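These are my notes from going through one chain. I wrote down what I looked up and what I found.

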Amino acid sequence: MMASRPPPPPGKGKGVEFAYTALRREIVSLTLRPGSPLDEAALAARLGLSRTPVHEALVRLASESLVVLLPNRGASVASLNWDDLREMFEALDITQRLVTRWAALRRTDAQLAEIDAERIAFEQHEAAGRAEEMNESNWRFHALIAAACGNKLIERNYLHLLTLALRIAYLAYNVEHFASKAAYQKHMNTILTEHIAMVAAIRDRDADKADALGRSHADLGRQRIQDVLTRGVSNSLDIALDHPITMLKQ
């Protein structure tokens, strides 16, 4: 897949943020494929920047586990494998339940309004068939819930997991990767329904309900991604939560 042409570079002083945003978009959308080498000079030329902001952007992306930096060997897009996915979903299962539970207990009215506004934005992007905007809006919806949980350390860890999941989401939630349009719409309707229920639980300060929905939502994503990655490969490749590691390596 060819890299998309970036917008004109920003003014002086904003190069790092510009490079970070452009490269992150290309990595999470799989325009830059997992394992692809990242040549700083080539990226700088393509983005219209010097190598310094590009290098700093790569360091920042490495801190999010989207890029791998190797001494004397440059950088590459982080790979994806089954153990990575298993660990990500195990961690996401726990942290999504936690941030949603705490958001129900600790959110402010202003935070609730922001969460619900992003839920509506997600619905609008889905209805219009805007896949990239939909995935980014879904990230923001859950990020806003995390911000309302009242714990910066948990929030930071959860955002890290959400960003890792974005790469898979671009693959798994494209309508052409479903068995049919009806199957796609059924799955999206479930997501929309759970989003509505999550906002309601947070509004009602129902921590137990929010916790259960956090778990259900993580499991919904796990099942969808497993369906995409195992279709035509092997039914034994399982990302089921709480399974021993050995079961995933058979």
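How many residues does helix H6 have, and how far does it reach from its first C-alpha to its last? Helix H6 (residues 131–147) has 17 residues and reaches 24 Å, close to the 24 Å expected at 1.5 Å a residue. The expected span is 1.5 Å times one less than the number of residues.

Before going on, I note that this is a predicted model, in which local features need pLDDT of at least 70 and side-chain atom pairs count only at pLDDT 80 or more, while totals for chains, interfaces and linings use all residues. Residues are numbered from 1 along each chain as its sequence is written, and side-chain values use heavy atoms, with hydrogens and water left out.

**Overview**

I looked up the elements of the chain and found nine helices and three strands. Helices (H or I, at least four residues) and strands (E, at least two) are DSSP runs, numbered from the N terminus. From the N terminus on, their order is α-β-α-α-β-β-α-α-α-α-α-α. I then looked up burial: of the 250 residues, 46% count as buried. Buried means under 20% relative accessible area, exposed means over 50%, and partly exposed is in between (1.4 Å probe, protein chains only). For contacts (heavy atoms within 4.5 Å), I took those between residues at least 6 apart in sequence, and 71% of them join residues at least 24 apart.

I went back to H6 for its buried residues, which include Trp 139, Phe 141 and Ile 145. Glu 136 and His 142 are also among them.

Next I checked the length of helix H7 (residues 152–172). Its 21 residues should span 30 Å at 1.5 Å a residue, and its end C-alpha atoms are 29 Å apart, which agrees. H7 has a kink of about 35°, centred on Leu 166. The bend at a residue is the angle between axes fitted to the seven residues ending there and the seven starting there.

At the start of H7, I found a side-chain oxygen of Asn 151 within 3.1 Å of the backbone nitrogen of Leu 153. I also looked at Glu 155, which is in H7. Glu 155 is buried, with a relative accessible area of 12%. Leaving aside neighbours within four places in sequence, Glu 155 is in contact with Ala 146 and Ala 147.

**Salt bridges**

Side chains of opposite charge can pair when their charged atoms come close. I counted a salt bridge where a side-chain nitrogen of Lys or Arg is within 4 Å of a carboxyl oxygen of Asp or Glu. The count comes to 18 salt bridges.

I looked up Asp 93 and Arg 215, whose side chains meet in a salt bridge of 2.6 Å, N to O. Asp 93 lies in helix H4 (residues 82–106) and Arg 215 in helix H9 (residues 207–230), so the pair ties together parts that are 122 residues apart in sequence. Asp 93 is buried, at 5% relative accessible area, whereas Arg 215 is partly exposed, at 27%.

Which residues does Arg 101 pair with? One partner is Asp 208, with the closest N and O atoms 2.6 Å apart. Asp 208 lies in H9 and Arg 101 in H4, so this pair ties together parts that are 107 residues apart in sequence. Asp 208 is exposed, at 54% relative accessibility, and Arg 101 is partly exposed, at 23%. Asp 211 is another partner of Arg 101, with the closest N and O atoms 3.0 Å apart. Arg 101 is in H4 and Asp 211 in H9, so the parts tied together here are 110 residues apart in sequence. Asp 211 is buried, at 14% relative accessible area. Salt bridges that share partners join Arg 97, Arg 101, Asp 208 and Asp 211 into one network.

**Strands and positive phi**

I checked strand S2 (residues 67–70) against strand S3 (residues 74–77), and they pair in the antiparallel sense over four bridges. Strands pair if DSSP finds at least two bridges between them. Leu 70 stands opposite Gly 74 in S3. The hairpin has three residues between the strands, and in it Asn 72 takes a positive phi near 65°.

I noted positive phi at Ser 65 too, near 65°. Ser 65 is in the loop between helix H3 (51–63) and S2, and is partly exposed at 32% relative accessible area. Arg 205 has a positive phi near 55°. Arg 205 is in the loop between helix H8 (181–203) and H9, and is partly exposed at 39% relative accessible area.

Methods. A polar contact is a pair of N or O atoms within 3.5 Å; within protein, one must be able to donate a hydrogen and the other to accept it, and residues adjacent in sequence count only if both atoms are side-chain atoms.
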